[in-house]
Amino acid sequence: MFRSYSFLRVFAVAALLALAAVWAVPLVRAAEGPLAPVNLRCEYLKNPVGIDVRQPRFAWVLHHTERAQVQSAYQVLVASTPESLAQNKGDAWDSGKAASDDSTQVVYNGKPLESDHSYWWKVRYWDKGGNASDYSQPASFDVGLLSADDWKGQWIGGANQLRQEFTLAESPRRARAYICGLGYYELRINGKKIGTNYMDPGWTTFEKRDLYVTYDVTANLHRGANAVGVMLGEGWFKSRVLLLQMDIELASGKHVSVTSGPTWKAKNGPIVSDSLYDGEVYDARLETPGWDLPGFQDDGWKPAESVKAPGGVLSAQMMPPIQDVDSMVPIALTNPQPGVYVYDMGQNFSGWVDLHVNGPRGAQVQLRFAELLYDTGMINRENLRGAKARDIYILRGDGEECYHPRFTYHGFRYVEVTGYPGTPSLDSLRGHVVHTAVKTTGSFVASNPLLNQIHKIIRWSDLTNLHSVPTDCDQRDERQGWMGDAQVSSEGVMLNFDMAAFYTNFLRDMRDELGPDGTMTDTVPHLTHGSRPADPAWGTAFPLICWYLYLQSGDLRLLQENYDGLKKYVEYLHSRAPDNVLRFSYYGDWVATEKTPGSEVSDFYYYYDTLVLSKMAAALGHSADAASYAQRAGEIKDAFNKEFFDAKTGNYTTGTQTANVLPLFLDMVPRDYRGAVAGNLANNILYEHNTHLTTGLAGLRYLMPALTQNGHADLAYDLATQTTYPSWGYMLAKGATTVWELWQQKVGPSMNSQNHHMMGSVDAWFYEALGGINVDPDHPGYRHNRIEPQVTRDLTSASATVGSVRGNVTSSWSHEPGIITLQVDVPVNSTASVSVPKEDQMSDITIHEGDRIVWEKGHFVEGTPGVTAGKLDGKRVVFEVGSGHYVFRVSGE
Ligand code: BGC
């Protein structure tokens, strides 16, 4: 008996062990624990080709099947071949098991990276219990040309088409093309356009910096004769020059380079003229078929000219390029006059149209672009001012022809076609939406359809004004990187799209414009519009965009790179404020309906910039600077109140909404007067303006947040959902499909773009207040989040997701009488304080998370995985949670 029992026991243990060996290990891996990292990025980009950073930074996103998980260690492998990586050999860098919770901004720390080399990498992580994930899928990055000496070619020009033939003795194993073609280029090899970029490279201050773009052209080249052709456009550079280098590794391992130089041939092609404002004239009769193929008879082509270099440092373009991101089918075609056809694309956007046409040689089709129509059905182009905004296509006359411009874009909803041979149909035109192709990472949706429509037109305005820099508008003779517009929209833009690489680049553009005396410019790059020094509400884009991007990303290198420049900028402001009040201003609260003194707006930004600089100094560990700027900020605040505040009335300056909003937003109001100032603001909105706003560019950005911070989220909501002038609802009622520049509806020759993103700055409030997702400034990069949705008025639900550097953060709530449900997603390696709203009249509340009670009879109930604490904070209960998906449900009497 005893023996058999013991035998059974031994057998059972052995069987269990065997099962564990066969099943348990893979099962645990697949169903539980840390999952292999995903979304691997290098310098914020997915598998970038051509970076010029010697110590690039890596980031990944983590998933885990348990709540409240963190990374306790990681291991990054960087290899010089995919084979080595597959064998887990990091021959360039093996970080080893690095005890760290950093899953973003992990700095490469291996062998020096080499120019014109490819690298492959992967990562695994250990969770808080020490369990390792599998390795991620491999990712890659290509290093471009790291130093000026790596460039062997010469700058050439002489015509808008340049070509060269060359022979390869063997087939290529690896080939990269490095190109800087200014103003814009189209690179073609053996008859094909390379890549999908348009209006490349990005706009910079050309005498300071010129961007080059790298392409993997291995598959485009072959043994024997090859040809490379480049078309050049004027762009913002207003001239045409090219530097190109193709570095080719042949099958034998031998290296050859093909570079631009005097042996190239030049001849003007079919683009007769191209201009950003005026459009393109394309004479298809001047096409020279085969010019980008080997064996072409290039009689009549002249040697390319050697030209002066544009003068800037050559830097890799490390941001998403401008691309054709979407096509638009016209919704209507009318014929308001004989021979005049007008297409309605149904949406205002930036880009161009594809024209499909069949007709006699030499026939000339003109396309004119407009945002507006007259009552007659003809296009209204008065608001384009000096921009001709038209493309002309002259037919070859050999059958079906298709054309779109290359080196220009238009901002339009309507297209007028004249000179069309025959009768055009809806299929004769297709719209193409063209802008910097940033990835959508965020979303916002609410139960009130008006909010969703507002969000939609804001997204359109934000996106179609990304043209390698944030432009003010996309249609008229402007399209500049106006910094005031950029700064007010930037937070909303960052919440909607993956903007880190774009704004990192834009901040470098700003550093390029920073004067030795610390002055900034109103527009960056600074070409034709605006002034130096910048209006302080415009120049503030330098500190504020840097600060917002830091909050979103936790990117300390960004702060380091900009810190000296920002100090100079803030010191310049200081030099203009002898008594601690900065008064100079050009535009102030631009396009407000009620005027606030520009000096108050400028001084507010002087305070904001100094405050933010002190916080940056603290983050960087510059404690003496942090203390002295914090002290200065305090002095500026006191001087601001002395200069602009009237304690008798509780108003700042003119008592306009902007006048009171600015100090409320930054908590500058002396404590005893806070209620009075907030009350004056609410009264002004309610009684003096019948629940309408009066703010311009500056005040608007802070209006909703200031109201919300002061207990008036409901009033902010009423303003956001207003439908009469001035409001977004009014714009929509008048047919807006993008956000207007002005609150007023104007359609004449004055300044009245139909597509300006600046008044879309309210989108950040949709995410932060209605959705409820807030990054904690003390734990940037969404390391810690504050989830605090505003359940207000008739809104029955709102939902926001932000694609943070650590993964998706979601806050989604719904409200039915007596019950509020809040669903929250917190990525691994993040934590959150979740402020659960309740109805005002609810007294004895119970809060469930899933099917467990977490709050009852005024107390936190322990024991729910991931929910570590809960406490009453004013009217709301705030829970501390780790990563994971949570569903809180509040009910009460
Ligand atoms: C632009 C604005 C810009 C402003 C400066 C305008 O022409 O379109 O958006 O910020 O000038 O006041």
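Biologist: Which residue has a side-chain N or O atom 3.5 Å from an oxygen atom of the ligand, and how should I read such a distance?

Modeller: A polar contact is a pair of N or O atoms within 3.5 Å, and within protein one atom must be able to donate a hydrogen and the other to accept it, while residues adjacent in sequence count only if both atoms are side-chain atoms. Here the residue is Glu741, whose side chain has an N or O atom 3.5 Å from a ligand oxygen. Polar side-chain atoms of Glu478 and Asp485 also face ligand oxygens, at 2.5 Å for Glu478 and 2.4 Å for Asp485. The protein covers 95% of the 310 Å² of accessible area that the ligand has on its own, an area computed by the Shrake-Rupley method with a 1.4 Å probe. Please keep in mind that this is a predicted model, in which local features need pLDDT of at least 70 and side-chain atom pairs count only at pLDDT 80 or more, while totals for chains, interfaces and linings use all residues. Residues are numbered from 1 along each chain as its sequence is written, and side-chain values use heavy atoms, with hydrogens and water left out.

Biologist: How many aromatic pairs does the whole structure hold?

Modeller: Rings of Phe, Tyr and Trp (its six-membered ring) pair if their centres lie within 6.5 Å, and the pair is stacked when the planes are under 30 degrees apart, edge-to-face when over 60, and tilted otherwise. The search finds 53 such pairs. One of them is tilted and joins Tyr605 to Tyr702, with 6.4 Å between centres and 55 degrees between planes. Although 97 residues separate the two, the pair links helix H9 (residues 598-619), which holds Tyr605, with helix H13 (residues 697-709), which holds Tyr702; helices (H or I, at least four residues) and strands (E, at least two) are DSSP runs numbered from the N terminus.

Biologist: Is Tyr605 buried or exposed?

Modeller: Buried means under 20% relative accessible area, exposed over 50%, and partly exposed in between (1.4 Å probe, protein chains only). Tyr605 is buried because its relative accessibility is 0%, and Tyr702 is likewise buried at 0%.

Biologist: Which strand holds His410, and what does its side chain contact?

Modeller: His410 lies in strand S33 (residues 410-418), where it is buried with a relative accessible area of 1%. Its side chain makes a polar contact of 3.0 Å with the side chain of Asp391.
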